[in-house]
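Colleague: Could you take me through this model, starting with the terms that the description of its packing relies on?

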Amino acid sequence: MTGDQIVIFDTTLRDGEQSPGCSMNTREKLEVARALVELGVDVIEAGFPIASPGDFDAVSQIAAKFGDRTTICALARSREDDIAKAKGALAAAAKRRIHVFLATSAIHREFKLKMDKSQIIERAISSVKLAKEFCDDIEFSPEDAVRTELDFLCEVVEKTIDAGATTVNIPDTVGYATPSHYFKVISYLKQNVPNISKAIISAHCHDDLGLAVANSLSAVEAGARQVECTINGLGERAGNAALEEIVMAIRTRADYYKVHTKINTQKLYPTSHLVSSITGMKVQRNKAIVGQNAFAHEAGIHQHGVLQERSTYEIMRPEDVGYAGQNLVLGKHSGRHAFRDRVVQLGFSLDDAGLQKAFDDFIALADKKKEVYDSDIVALIENRMDEAADRWKMISFHTSAGTSTIPTATIELQCEDQPIMCDAATGDGPIDAVFKAMERIMELSARLEEFDVRSVSEGKDAQGEVRVTINVNGRHYQGKAVSTDIIDAAAHAYLKALNKADSDRRAPASGATASANA
Ligand code: KIV
Ligand code: ZN
């Protein structure tokens, strides 16, 4: 291993989840937390417990389930009630951290907090001390640090380290920094805070200028030893620094940075896929590391070079990031064992029942289409992933459409073990009719905000993946499904989204009541 270890602090479930339309329920957060543990992140920021009962519950469950393997962190403003909630939510975790924050920049002091410098210092110290009564591992963030007067920033950092902070995070809250500017801020702290060696300096960058990853790497060069990041760069506005990009930059350029992380890079692609699938936030095709085109060489001259010697045009190997790609998978006669091995290589850990379902789906698909690819397998498994928790299941549907007929759909749905319910509706087209019939049965009224179709692999017989985003009473819900029949995929995707809305209607658990930036 090269040089120091960089602590990878993942905030997908906190800062990432603050991204509009990306909220996750507790079951989904647990699924992402499991993937993050397997990925090997050092700290999982699981949420902001004071924000809502749903957030508190998610942090508590993640703490109970994974807090013996990975440090679980909860966010708190510098307020007694926030810190008390964070303590409550982390109670079951053996490895735990409280992350306390308070804005320090002049703009925030004057307009948001209406506090002067001495009040800020006093509040920061007392909050860190209060959190420290509960656990040793305390992180303090001077929010909007990058726009804070440097000498005042040094004073805050010094006093909070004295009060017990073991990590001092330097957030570029509004994505204002540039790489050389951020380098100077971190260097200044290293040179001017007398007790700085007692804490780890952390980078936390937002991507408003598209510089979050570059800034984070600059901080590492300047001596930061923790980086805060999210899978796929999810996060408020333009997002946070992308974990996969930071990790692969550090690994690929170990010759330059001379540091390393503990991340199992082969899990990067599957984790990215999972987060995209759960949040409904698509990964752009040309996204670095995890985009569909990240390893595709189109130009003949490149293809020729790669065939002769991969390193001519490839700085990373697709297999190093667990890229599923278009590898042709086993055919319909492949056995269960070979299938299971492939599923594990693709980054999934399924129990026996889950594996059996996935295998049955694979055989059914292999009957319908000649060639089954890795991407088909990923899609099939994700298709089933959250199904068990859905109350409403599709029993059957029938559509009729054409140039001289009114598009109509008849649907049968079943809610848990209640009698099957049937209804019909007309629409602009068969898919619209299906959606309307479902809403009638479930007594939910939804507005369709996004509808995307893509082909999962190649060829005319490829599976189609449909993603929908719906708006029910001002809240957004995503659904995704695959099938070789696009109406079937659309129906299942819509039903998944409606199921999420239905579960909120029954137990309105989440929905932030306090903003992390308040
Ligand atoms: O961007 C930011 O300032 C934050 C803090 C809460 C650390 O997310
Ligand atoms: Zn942030």
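Modeller: Contact means heavy atoms within 4.5 Å, and helices (H or I, at least four residues) and strands (E, at least two) are DSSP runs, numbered from the N terminus. This is a predicted model, in which local features need pLDDT of at least 70 and side-chain atom pairs count only at pLDDT 80 or more, while totals for chains, interfaces and linings use all residues. Residues are numbered from 1 along each chain as its sequence is written, chains are lettered from A and ligands numbered from 1 in the order in which they are written, and side-chain values use heavy atoms, with hydrogens and water left out.

Colleague: Which residues in α16 do His273, Leu274 and Ser277 in α12 meet?

Modeller: The contact of α12 with α16 divides into three nonpolar, two polar and one charged residue, where Ala, Val, Leu, Ile, Met, Phe, Trp, Tyr, Cys and Pro count as nonpolar, Asp, Glu, Lys and Arg as charged, and the others, Gly among them, as polar. On the α16 side, the residues met by His273, Leu274 and Ser277 are Val378, Glu382 and Met385.

Colleague: Are α14 and α15 roughly parallel or roughly perpendicular to each other?

Modeller: Axes are lines fitted to C-alpha atoms, for helices over the stretch in contact, and angles run from 0 to 180 degrees between N-to-C directions. Helix α14 (residues 336–345) and helix α15 (residues 352–368) pack at about 110 degrees with their axes 11 Å apart. Angles under 35 degrees count as roughly parallel, over 145 as roughly antiparallel, 65 to 115 as roughly perpendicular and the rest as oblique, so α14 and α15 are roughly perpendicular.

Colleague: Which residues coordinate the zinc ion (ligand 2)?

Modeller: Donors are N, O and S atoms within 2.8 Å of the metal (3.2 Å for Na, K and Ca), and water is not among the atoms, so sites may look incomplete. The donor residues are spaced D-x188-H-x1-H in sequence. With distances of 2.0 to 2.1 Å, the coordinating residues are Asp15 (OD), His204 (NE2) and His206 (NE2).

Colleague: Is Asp15 buried or exposed?

Modeller: Buried means under 20% relative accessible area, exposed over 50%, and partly exposed in between (1.4 Å probe, protein chains only). Asp15 has a relative accessibility of 3%, so Asp15 counts as buried.

Colleague: What is the relative accessible area of Asp432?

Modeller: Asp432 is found in helix α17 (residues 430–442), and its C-alpha atom is separated by 9.5 Å from that of Ala490, 58 residues apart along the chain. Asp432 is partly exposed, and its relative accessible area is 23%.
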